[in-house]
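Have the viewer open as you read.

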Amino acid sequence: EGDSAIGGLRSARDKLNQGGISLKGKPMNVTQATIKDVLANQEFADIMASIGLTIGERVDPEKLRYRKVVFLADSDVDGGHINTLLTIFFFTYWPELFQMGMVQIAKAPLFEVLTDSGTIYAETDKELEDIKKKPSVKIKEIHRNKGLGEMSPEAWKYVLSRKEFTKITVDDIRASQDMLNVCFGKESQFRK
């Protein structure tokens, strides 16, 4: 999400195994777009080229440049929309990625808690409250990250050092496609 976020990602990533693409705002809803519109979209073109995906071609894991596609957006409503629209994009054209467990969501810490013994990261308000209740933890300062651009270099390393993130799984591809069509498709009477 944005140039400030990609700068933090680039400084903390493992250059041999991790890449990143910055998005400029919310991606388009592909369920309401034509293939021509999707192919003309520069951000989707960049995503496909960087991973090694082609619309209309089944995924060959041996030909992909990466083993995982991980979304990392701000921990707010807009970030949730971005993750949803990216999920729809990948699921519409390559549902097999979800069966392979390749599409994942990373969660950035909302809070960086500076203590006497180091920094503790909290992804939710509840995690922060749990940290505050520990008598052994002496809190010096709490920094709330309003977005990815505000995260410290250490927080970026914390996020990017994980081996696994939250996998987006699909039990029934047909039922999932039908549900996405109801929720995001052109026909609004289904949503009503």
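## Ground rules

Two strands pair if DSSP finds at least two bridges between them. Helices (H or I, at least four residues) and strands (E, at least two) are DSSP runs, numbered from the N terminus. This is a predicted model, in which local features need pLDDT of at least 70 and side-chain atom pairs count only at pLDDT 80 or more, while totals for chains, interfaces and linings use all residues. Residues are numbered from 1 along each chain as its sequence is written, and side-chain values use heavy atoms, with hydrogens and water left out.

## The sheet and its helix

Strand E3 (residues 111-115) is joined to E4 by five bridges, and the two run antiparallel. One of the pairings links Thr115 to its bridge partner Gly118 in E4.

## Two nonpolar cores

A nonpolar core is a set of buried Ala, Val, Leu, Ile, Met, Phe, Trp, Tyr and Cys residues joined through side-chain atoms within 4.5 Å. Buried means under 20% relative accessible area, with a 1.4 Å probe and protein chains only. The largest core holds 31 residues, and Leu53, Phe89, Phe90, Trp94 and Leu97 have the most contacts inside it. Helix H3 (42-51), strand E1 (69-71), helix H4 (77-93) and helix H5 (96-99) each give two or more residues to this core, with the largest share, eight residues, coming from H4.

Which residues does Leu97 touch, not counting those up to four places away in sequence? They are Leu53, Val59, Leu64, Phe90, Met102 and Val103. Another core of 15 residues lies apart, including Ala108, Leu148, Met151 and Leu160.

## The whole chain

The chain has eight helices and six strands. Its C-alpha trace spans about 55 × 45 × 30 Å along the principal axes. Of its 192 residues, 41% count as buried. Among contacts between residues at least 6 apart in sequence, 63% join residues at least 24 apart.

Notes. Buried means under 20% relative accessible area, exposed over 50%, partly exposed in between (1.4 Å probe, protein chains only). Contact means heavy atoms within 4.5 Å.
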